[in-house]
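Thanks for coming. I will go through one structure today, with the sequence alongside, and keep to a few points.

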Amino acid sequence: MRWYVLLLVPFCASPLLAAESWLQFRGPAGQGITSEKTLPTTWSGSENVVWKTALPGPGTSSPILVGEKIYLTAFSGYGVPGQSGEMSDLKRHLVCLRRTDGQLLWKNDVPAKLPEQERIRDDHGYASSTPASDGQRIYCFFGKSGAYAFDLNGKQLWQTDVGDGLHGWGSAASPVVHENLVIINASVESQSLYALDKATGKEVWRARGIKESWNTPVVTKTKSGRTELIVAILGKVLAFNPTSGEQLWACDTDIGWYMVPTVVIADDVVYCIGGRSGGALAVRMGGSGDVTDSHRLWVGKTGSNVSSPLVFGQHMYWAHEALGIVYCAELATGKLVYEERLPLAGQFYASPILGDGKIFYLTRNGRTFVVAAQPQFKLLATNDMGERSTFNACPIAADGRLLLRSDGYLYCLDEK
């Protein structure tokens, strides 16, 4: 594949020391919220594009930012839409680009452990998990091929197998770093939640029974000081002690499908949506054992099967993966404040992000709807990249700019 970087707008480098880091899936705290200001509202494939970099292959993983570098994963050789190939040629790639101009600095090729899933539904592919970083290493998860650690220059430090299971939807959950641990949701591979020593990759603890769970765990601290690791599985939300792996509590969701969206948390309350048939709930943290009767605050019938929600102020916001509808609900009651159909939206697989008073909903066809982050629906802009490719990765924000990843390119957008 030919590599190049297309610079479309002149750019003067500026110090990045004060810029916000984006070290994991959904950014700071894993909640999709950024403190970045002056984020762009309007753009296209040729307007307000600072740079555009061709990638070595497709992927649904999102980029992360570590200092002056951008890291993301991709795959090639097999299962690439529109291309032929043999499974023996399948490789994953860890790619590093320069943050200021998108220049490719290096890529590390990782051969796949075979046999892999012969086909991934909806072309999700073999690079679905967003990397995570502690600022010193990059941690990647490649499903059956295992969890990996690399230094910031791409040197592999360790690899750990977490199971051999395969699934038609592929693998999806992203690594999470907590203190000296890397947390891996290996529901597909072994119906397990792993905590690995981040220096060596050795297993520290393992929790079993993680069924039909494609969501990335969230680690958070209650007001009382207890740290909880939250993950949604078939029919339940679970909380663990992230240090020991002890299960702290469980709450029924009344959602009878696999769980893909990552939970969001505010004021010691976990908010969860999911299920192909829809569903939502709120459960207070800090409990013990089965807390369905004691800590579950409300349940709702409207959710999303793929993309994760956002919590801002006293409301939760999300998009339905197939109907092109965006929702706003009260945190206190779950009552819908609005449900609005967006014109020609298509599918939403990427989770939205919120910053600068705006919510950015990215569709699979490259159209981004910019909606005001308020309980009164207001569509601020509709932007189309005009690229015949698929956009499954979440947008991220940095330096007052947005990064959008398609199967073909990584774009940097700025309205200035």
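**A sheet, a pocket and a caution**

Strand 12 covers residues 181-186 and strand 13 covers residues 192-197. The two run antiparallel, with 6 bridges joining them.

Stepping back, these strands sit in an open sheet of 4 strands, in the order 11-12-13-14, with antiparallel pairing. Which strands are at the edges? They are strand 11, at 176-178, and strand 14, at 203-208, and each of them pairs on one side only. From one strand to the next, the twist averages 20°. As a reminder, strands of a sheet pair through backbone hydrogen bonds.

The largest pocket has a volume of about 550 Å³. It is lined by 32 residues, and the closest to its centre are His 124, Ala 172, Val 260, Val 306 and Tyr 349. How does the lining divide into nonpolar, polar and charged residues? There are 13 nonpolar, 16 polar and 3 charged.

Last, confidence. The protein averages a pLDDT of 93, and 95% of the residues score at least 70. The stretch to watch is residues 1-18, where the pLDDT is below 50. In the model, this stretch still has 37 contacts beyond near neighbours in sequence. Where pLDDT is low, predicted coordinates should not be read in detail. That is my last slide.

Methods. Residues are numbered from 1 along each chain as its sequence is written. This is a predicted model: local features need pLDDT of at least 70, side-chain atom pairs count only at pLDDT 80 or more; totals for chains, interfaces and linings use all residues. Side-chain values use heavy atoms; hydrogens and water are left out. Two strands pair if DSSP finds at least two bridges between them. Axes are lines fitted to C-alpha atoms, for helices over the stretch in contact, and angles run from 0 to 180 degrees between N-to-C directions. On a 1 Å grid over the protein atoms alone, a cavity is a set of points where a 1.4 Å probe fits but cannot get out, and a pocket is an open set with protein on both sides within 12 Å along at least five of seven lines; lining residues have an atom within 4 Å of a point. Grid points are joined across faces, edges and corners, and a volume is the space filled by probe spheres set on the points. Ala, Val, Leu, Ile, Met, Phe, Trp, Tyr, Cys and Pro count as nonpolar, Asp, Glu, Lys and Arg as charged, and the others, Gly among them, as polar. pLDDT is the predictor's confidence in each residue, from 0 to 100. Contact means heavy atoms within 4.5 Å.
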